[in-house]
Amino acid sequence: MSALAIPRGHVRGIRIPVRIGTAVPLLFVLLVAVAAVAPGLLTDHSPTAIDIQHTLLPPSLSHLFGTDDAGRDQFTRVVYGARESLGIGLGATGLAMSIAIALGFAAGLAGGLVDTAIGRILEVAFAFPVLLLALLLIAIRGPSVTTEIVAVGIGSAPGYARMVRGQVLQVRQAGYIEAAGALGHSRWAVVRRHLFPNAMRPLVAMITLGIGQSIVWASGLAFLGLGVAPPSPEWGALLDSGRLYITTSWWLEIMPGLVIVGVALSVTSLGRTLQHELEGAAR
Amino acid sequence: MTEVAAAEQAEAGAAADAPLLAVENLRVSFGSTEVVKGISFTTRSGRCLGIVGESGSGKSVTARSLVGLAGAGATIQAGQMDLAGVDLTRQSQRSWRAIRGRQIGFILQDAMVSLDQLRRVGDEVAEPLKIHGWGTKAARARKAIDLLASVGVPEPEMRARQRPYELSGGLRQRALIASAIALDPKLLVADEPTTALDVTIQAQVLDLLAESKDRGTSIILISHDLSVVARLADDVLVMRDGEVVEYGQAHQVLHQPRHEYTQALLDAIPSEHTRGTQLVRPAAASGETVAHRARAPIDYSRPVLEARQITKVFRGPDKVDRTVVHDVSFELLAGETLGIVGESGSGKTTSARIALALLPPTCGEVLLDGLPWSTLPPAQRRPLRKRIGVIYQDPLSSFDPRWSTGRIITDALRTGPRPPSSKTEALARAVRLLEQVGLTERHLPAAPLRLSGGQRQRVAIARALAPEPEMIVCDEPVSALDVSIQAQVLDLLTDLQDELGVSYLFISHDLGVIHHMSDRILVMKDGRVVESGTADEVFEHPRNPYTQRLLTALPRLAQA
């Protein structure tokens, strides 16, 4: 990282090297974040403005990503879809982590019967395909953003729970846990002040990776018609509605597809950088 | 193979008294950092050269350069580096393989890492034979067993079929030596060969090397431990920061050192001679003016900690019970140091953890100030914990990696009897503690990871002192430190005892350290106390055969 090293930022003691491989994904994620928070800043069009005179136009300067079968600006739709897609990614990962932390810490701290019971539950959950779980939930509740969050969240929780449990077991053995106990701190204080932050630290990167993965999952579900319904500009839904025109108007599939790939790639690469830095800082 | 042939030719032509290995102006650098800065030495057949130095002195890199294993990125330059006429500076990776094992045997510190865990010990020992195309497979297997027998491995046939993890540390180290001497190399390079071993095992391994030397092998022994070197070396080379500080005959270097660094190293070795004195002498004071301790009197009527017949049984994964501590009793008086000495597996650390009430005893009881301690429910014990501090062998792992020095110490202050009322007060008291242990305000924001080993142990001592304890359990507090840093930390501990009257339960495998520090001593073996008494009683007139064996095994400078 020496040749490309530009100034280093300092974030609470963790050095984040600012370099091309980090700057580009960071910029891209920031752009998507802006689209999610204030889509109006990035486009003048409306995501629902139908223009029958200009349907299925290829990408041009006035329509960066072309237009769809109703003449709506595809770029605008992608920008407005960011909120739902990103929301699903964050929501699903958040839900997955909450479940994982609860189960992982319960199993790792209590041990014994509780650990065995949780272990069995996780094994069953692992054996259950995420897609099947999603179908089940959608069949019960109907397709919606919330359903997608719940489905993807529950589906990916067991993997995280395993990791959290492993971390808890490992950090429990650390010398500083015993040292804190020897100083007379209560068990709860030791868990809160030492065990939790140190066990979760290596998982920060995994969480970042999980956000990208959840977005891809959710898009996949929507593409299969199991996610948010097509009038919505959610990215998976865009893919679903563009499917019919894939032979004639490629941009309806390729453009949102590229954005999904870009987000997943950026978030993953940022996660890796973060992982690298955190591990470097830990030893 | 041509190089080997050439080597053997050259060797035959060489005069009998010519040095076997001649190194002149050896320089090793990694990138722009020079770690070995032009050192020269020679060795002869049947003699041992000891290379002594503290960590970072470049002694290991020197050893590795001699076998072509200095590592990727190392640049080696030498005016001369000849082994029996073969120029070692001009070897390719390929020709090094022909030299290693056959011409030069290499013994590393940690046999656990050096031996492949998945292969049988016999195959590992026979490995150099195989590499150099010696004999048939069956002949090599027989030779491996002979080699194991020759290094004193009992039941060599059975051991050869086992895998390294099934062997004890001492046996593994012997297997490694067997492998190094398999082809009867003319030169053995041993890098800290006994550092990971218990003292009795260490003595056996050193004897083994001595036998090899008597048979005419030349040995280069690298060690941080002067007393180990004294036992084997004919010549000693003292290194510091990649340079030679002193080089000469062992007797002269170890008994009439010319350089003050060597003298300081020798002074820093704790032993029976250094009891009650400072290990680090002020530069001005010469040998004669030894400052004796002015310590607070020991209160013989008041035991601060009392262990009554504690026993600890662990149930292994194979459902077999193992008694790790067996019927151990002791009293720690106010202001005294009680040393517990023993080899690995003797139960000394388990006893310490029971004393700290971090582990409940299976039977027996520990009293704190004459009141129940180990039998208390955890919630009632917690407020009393401030009275016992603890210092570990590896201070770094006892600090939360996210915390700064300042936070570590202020946190400990809050558990004490006088918790600071404000952040300013907490910081001021943390600075006072740091100064007390020889650090300064500058270290307050530092992450312990960025401190040196000695500084880390000082932070650990400051943390232990913060709650104003009556006693501190010191579990191998200096075992991971260089001898001069060890001396500073031991001096600090005795100074603090003189000043504060704090008691120490001092655990170590190092008899010298124990003798230097302790008023009274417990010798432990296999979970039992085999001998106890005052330091002088135990060391001068040991009654138990095990203690006697320990003391004979202890390498001493006087033997040189």
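This is a predicted model: local features need pLDDT of at least 70, side-chain atom pairs count only at pLDDT 80 or more; totals for chains, interfaces and linings use all residues.
**View 1. Contact between chain A and chain B.** On the chain A side, 15 residues are in contact with 18 residues of chain B. Helices H6 and H7 of chain A each supply at least two residues of the side that touches chain B. The largest share of that side, 6 residues, comes from H6(A). Sorted by class, the side of chain A that touches chain B has 7 nonpolar, 7 polar and 1 charged residues.

**View 2. Packing of helices H15 and H16 in chain B.** Helix H15 (residues 405–414) and helix H16 (residues 423–436) of chain B pack at an angle of about 105°, and their axes are 9 Å apart. H15(B) is therefore roughly perpendicular to H16(B). From H15(B), the residues B:Gly406, B:Ile409, B:Thr410 and B:Leu413 meet B:Ala426, B:Leu427, B:Arg429, B:Ala430 and B:Leu433 in H16(B). The residues of this contact divide into 6 nonpolar, 2 polar and 1 charged.

**View 3. Open antiparallel sheet of chain B.** The sheet is formed by 4 strands in the order E13-E12-E15-E16, with antiparallel pairing. Strand E13 (321–334) and strand E16 (371–372) stand at the edges; each has a single partner strand, so one side of each is left without a neighbour in the sheet. Strand E15 (residues 363–368) of chain B is joined to E16(B) by 2 bridges, and these strands run antiparallel. B:Leu367 stands opposite B:Pro372 in E16(B).

**View 4. Crossing of helices H8 and H9 in chain A.** The axes of helix H8 (residues 203–223) and helix H9 (residues 235–242) of chain A come within 7 Å and cross at roughly 35°. This crossing of H8(A) and H9(A) is right-handed. H8(A) contributes A:Ala218, A:Ser219, A:Gly220, A:Leu221, A:Ala222 and A:Phe223 to the contact, while H9(A) contributes A:Trp235, A:Gly236, A:Ala237, A:Leu239 and A:Asp240. By class, the contact of H8(A) with H9(A) has 7 nonpolar, 3 polar and 1 charged residues.

Methods: Residues are numbered from 1 along each chain as its sequence is written. Chains are lettered from A and ligands numbered from 1 in the order in which they are written. Two residues are in contact if their C-beta atoms, placed from the backbone, lie within 7 Å. Ala, Val, Leu, Ile, Met, Phe, Trp, Tyr, Cys and Pro count as nonpolar, Asp, Glu, Lys and Arg as charged, and the others, Gly among them, as polar. Axes are lines fitted to C-alpha atoms, for helices over the stretch in contact, and angles run from 0 to 180 degrees between N-to-C directions. Angles under 35 degrees count as roughly parallel, over 145 as roughly antiparallel, 65 to 115 as roughly perpendicular and the rest as oblique. Two strands pair if DSSP finds at least two bridges between them. A crossing is left-handed if the near helix is turned anticlockwise from the far one by less than a right angle, and right-handed if clockwise.
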